[in-house]
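Visitor: Could you take me through a close look at the aromatic ring pairs here, going slowly and giving the cut-offs as you go?

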Amino acid sequence: LPAFRDSKLFIKDLHFDEVPVRIYLPRVPSASKRRGVIFFHGGCGMFGSIRSHERICWYIARKSDSVVVSVGYHLSPEYKYPAQSLDCLTATVHFLKTAENYGVDPDRIIVCGDSVGGTFTASVCQELVNRRDIPKIRAQVLIYPFLQALNFNLPSYQKNACIAILSRERTVRFLLKYLKKDCSMKEAILAGSHVPESMNLKCRKWINPDLIPGISNLGYRSPLPTSFLPQVHEETKELLESRFSPLLAEDAVVCCLPDTCIITCEHDVLRDDGLLYKKRLEDNNVKVTWYHMEEGFH
């Protein structure tokens with residue numbers, strides 16, 4: 001659908017290296033270069049679009065007097081993973097290189113996304129930490145992001161297992177559909193049978209209920225021991241890649257990430273992903289601003 005008209009914004013559909021984008025530019029001239037915001041929409045990598053998230057991008061552009069680029073990455077299953085995150089990376093690099101063409105200060109560009117858009121945001125920032133040929137991302141904004149597929153028994157998954165619209169069971173079903181995998185593996189993954197014991201031991205310092213603030217742990221029950229299933233692991237290895245699960249990135253990457261804003265919701269299975277990433281970033285001396293919506297849900 002075409003962009004709607006706005007007297008205060010110039011809105012145009014473009015392509016950044018073959019990736020569809022919609023750009024929102026304030027019409028009033030600015031005395032200095034503006035901030036830039038790159039936005040990745042949510043929708044499990046299979047739903048959503050530039051159009052579905054137009055109102056929030058329009059709002060950000062108007063209220064913050066920024067140039068906003070909404071990225072229309074190609075969706076699964078027509079485009080197989082990791083096409084979605086690679087599209088986001090491609091569009092981001094293009095904008096960083098050409099920001100001044102749109103009146104944007106290349107040193108004041110923020111990457112932002114909700115849900116899986118938050119995953120892509122975290123992944124893109126991690127991918128760019130060692131790039132020296134383009135400006136650095138100034139900050140990242142993660143809105144109730146999905147950040148790990150190792151443990152689906154964290155307190156927020158238990159507490160909000162049946163909460164609409166993103167239940168615990170539906171989360172894993174969506175992940176498998178996104179990756180074009182057999183959904184019959186859902187129960188094994190919910191139980192954690194896809195994770196080798198060596199990886200569980202390695203990641204315990206990052207993904208552990210004991211690292212989550214006590215008030216969020218009320219009612220938590222340790223899951224029953226489960227057996228590792230090598231076949232399930234082999235079929236779903238992508239789940240444990242840092243591109244898919246940014247919380248599993250090494251400290252050498254995490255310590256180089258930009259200033260971060262994380263937004264979590266109390267009634268959301270993904271709440272603890274945000275809380276654990278917040279702790280990892282702070283432990284690695286990354287500046288974090290955290291907003292928690294007590295009555296919020298996914």
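Guide: Phenylalanine 16 has a relative accessibility of 1% and therefore counts as buried, where buried means under 20% relative accessible area, exposed means over 50% and partly exposed lies in between, computed with a 1.4 Å probe on protein chains only. This is a predicted model, in which local features need pLDDT of at least 70 and side-chain atom pairs count only at pLDDT 80 or more, while totals for chains, interfaces and linings use all residues. Residues are numbered from 1 along each chain as its sequence is written, and side-chain values use heavy atoms, with hydrogens and water left out.

A search of the whole structure finds 10 aromatic pairs; rings of Phe, Tyr and Trp (for Trp, its six-membered ring) pair if their centres lie within 6.5 Å, and planes under 30 degrees apart count as stacked, over 60 as edge-to-face and the rest as tilted. One of these pairs joins phenylalanine 16 to tyrosine 102, with 6.0 Å from centre to centre and 45 degrees between the planes, and is tilted. Because phenylalanine 16 belongs to strand 1 (residues 9–16) and tyrosine 102 to the loop between helix 2 (83–98) and strand 5 (104–114), the pair ties together parts that are 86 residues apart in sequence. Helices (H or I, at least four residues) and strands (E, at least two) are DSSP runs numbered from the N terminus. Tyrosine 102 has a relative accessible area of 23% and is partly exposed.

In the pair of phenylalanine 47 and phenylalanine 174, the ring centres are 5.7 Å apart and the planes stand at 70 degrees, so the pair is edge-to-face. This pair also links distant parts of the chain, since phenylalanine 47 lies in the loop between strand 3 (34–40) and helix 1 (54–64) and phenylalanine 174 in helix 5 (residues 168–178), 127 residues apart. Phenylalanine 47, at 44% relative accessibility, counts as partly exposed, whereas phenylalanine 174, at 18%, counts as buried.

Ring pairs also link Tyr81, Phe146, Tyr178 and Phe244 into a cluster. A further ring, that of tryptophan 206, has arginine 280 over its face, at 3.9 Å from the ring centre; a charge sits over a ring if NZ of Lys or CZ of Arg is within 6 Å of the ring centre and within 35 degrees of the ring normal.
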